[in-house]
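Work through the exercises below with the sequence and the model open side by side. Each task is followed by a solution in steps.

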Amino acid sequence: MQQPSSSHSASRTAAEIVTQPGCWRRAADAAADATELPRPGERVAVTGCGTSWFMAQAYAALREAAGQGETDAFASSEFPRSRAYDRVVAITRSGTTTEVLDLLSALRGRTRTLALTADPGTPVMDAADSVAVLDWADEESVVQTRFATTALAFLRAGLESHGPLPAGVRTVAEAAADAESAITEPLPPSAVSAGQWTFLGTGWTYGLAQEAALKMREAAGAWTESYPAMEYRHGPISITAPGRVTWILGDVPPGLPTDVERAGGTLMASTGRDPMADLIRTQRLAVAVAESKALNPDEPRGLTRSVILNG
C-alpha cells in the first residue's frame, strides 16, 4: 500500500512545511539589518517553551562552537533567574506564552532582552526590550514547523555576520538550497511504516533531534525518543529492533551504523544535507505518519497553539 507523503497532503501543516526555504532566505536578509542580536563576547541565554526551547538549544550550541561567547539554553519555566547574562533571547511564536512573559517581566531592568515572535499584536512586544518580528513565518498550525526553523535561521545568520562558522556548518543560504530537495524527495517507506523512531544529534543538532521527536509525538501521537548521538549506546540502543528507525541529524558517529544494523533497526541520516534541512524531512514524516493512522496533523490531541496559564 502506498504511504501518504506530506508532498501530497492537503493539511495546513504540510502547506506550511514546504514554504521554509523562502522563509529562511528572508530571515537571513532580516538578520543583516538587526541590531539587537547577540554580539561576540557577550554571555547569552536563550529561552523558550516546547519547540522554541529546542531551537534555543541548537542555537546555543552553535554559538559556542563558533567561539562567539558562552551561551546557555533553558526552558522558560526552568530559567535560573539569579544568573547574570549580558543578553537573553526569548523565542515565542505566539507572543502570549505565560512562562516566557513571566520571565521577561522578571528580567526587565536587569538584563537586556530580545524576543523573536511571529505576532506583533501580542504582549511580548512590551515585555521585551527589543523584538524581532518574523511575521512572514507565522503559522495557522498548532504544531510549529516554519516559524521555529525560521527563528533558528535568523539567529544563525546573525552568527554568520560576526565571523566564520564552525567547520562543517553551512550558511543559511546553503541550508535553504538543501531544503529545496528536502521538501520534495520521497520519504522512505520503511520510515513511514515503522513502529518506533529514535532521533539522534551531536552538538547543535541535538536540539534538532529533540524537535524531530516532538514533532512526531505532536502530529502523529507516535512513540519517539531523542538523545545525544554518543549516548545512544548507553542504554537507548536497547529499544532498537526490526521495524524501528534510528534517524541521525548531522554527523554520524563512527561505528553507530553497524550497531543499529546489528540490533535489526533501520538507520537514516542527513545524507549530506544541512541538518536543519533534514529536519524538514522529519516534519514531513510526522505528517505522513499521522495520515497513515487516519489522524489529522492540523488537530493534534490535547494541544493548543499557545499555552496560557490561569492565575
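The model is predicted: local features need pLDDT of at least 70 and side-chain atom pairs count only at pLDDT 80 or more, while totals for chains, interfaces and linings use all residues. Residues are numbered from 1 along each chain as its sequence is written, and side-chain values use heavy atoms, with hydrogens and water left out.

**Exercise 1. State how many helices and strands the chain has, and compare its radius of gyration with the globule rule.**

Step 1. The chain has 11 helices and 9 strands; helices (H or I, at least four residues) and strands (E, at least two) are DSSP runs, numbered from the N terminus.

Step 2. The radius of gyration is 19 Å, close to the 19 Å given by the globule rule for 311 residues, so the chain is as compact as a globular protein of that length. The radius is taken over C-alpha atoms, and the rule is 2.2 Å times the number of residues to the power 0.38.

Step 3. The C-alpha trace spans about 55 × 40 × 35 Å along its principal axes.

**Exercise 2. Give the strand order of the sheet of 5 strands and explain what sets its edges apart.**

Step 1. The order is β2-β1-β3-β4-β5, in an open sheet with parallel pairing. Two strands pair if DSSP finds at least two bridges between them.

Step 2. β2 (71-75) and β5 (130-133) are the edge strands; each has a single partner, so one side of each lacks a neighbour in the sheet.

Step 3. From one strand to the next the twist averages 20 degrees. Axes are lines fitted to C-alpha atoms, for helices over the stretch in contact, and angles run from 0 to 180 degrees between N-to-C directions.

Step 4. β1 (residues 44-48) pairs with β2 in the parallel sense over 5 bridges, and threonine 47 stands opposite phenylalanine 74 in β2.

Step 5. Helix α4 (residues 98-107) lies across β1, β3 (87-91) and β4 (112-117), at about 160 degrees to β3. Helix α6 (residues 146-160) touches β3, β4 and β5, and its direction makes about 135 degrees with that of β4. Contact means heavy atoms within 4.5 Å.

**Exercise 3. Characterise the second largest pocket by volume and lining.**

Step 1. Its volume is about 350 Å³. A pocket is found on a 1 Å grid over the protein atoms alone, as an open set of points where a 1.4 Å probe fits, with protein on both sides within 12 Å along at least five of seven lines; lining residues have an atom within 4 Å of a point. Grid points are joined across faces, edges and corners, and a volume is the space filled by probe spheres set on the points.

Step 2. Of the 21 lining residues, Gly168, Trp204, Gly250, Asp251 and Pro275 are the closest to the pocket centre.

Step 3. By class, the lining has 9 nonpolar, 8 polar and 4 charged residues. Ala, Val, Leu, Ile, Met, Phe, Trp, Tyr, Cys and Pro count as nonpolar, Asp, Glu, Lys and Arg as charged, and the others, Gly among them, as polar.
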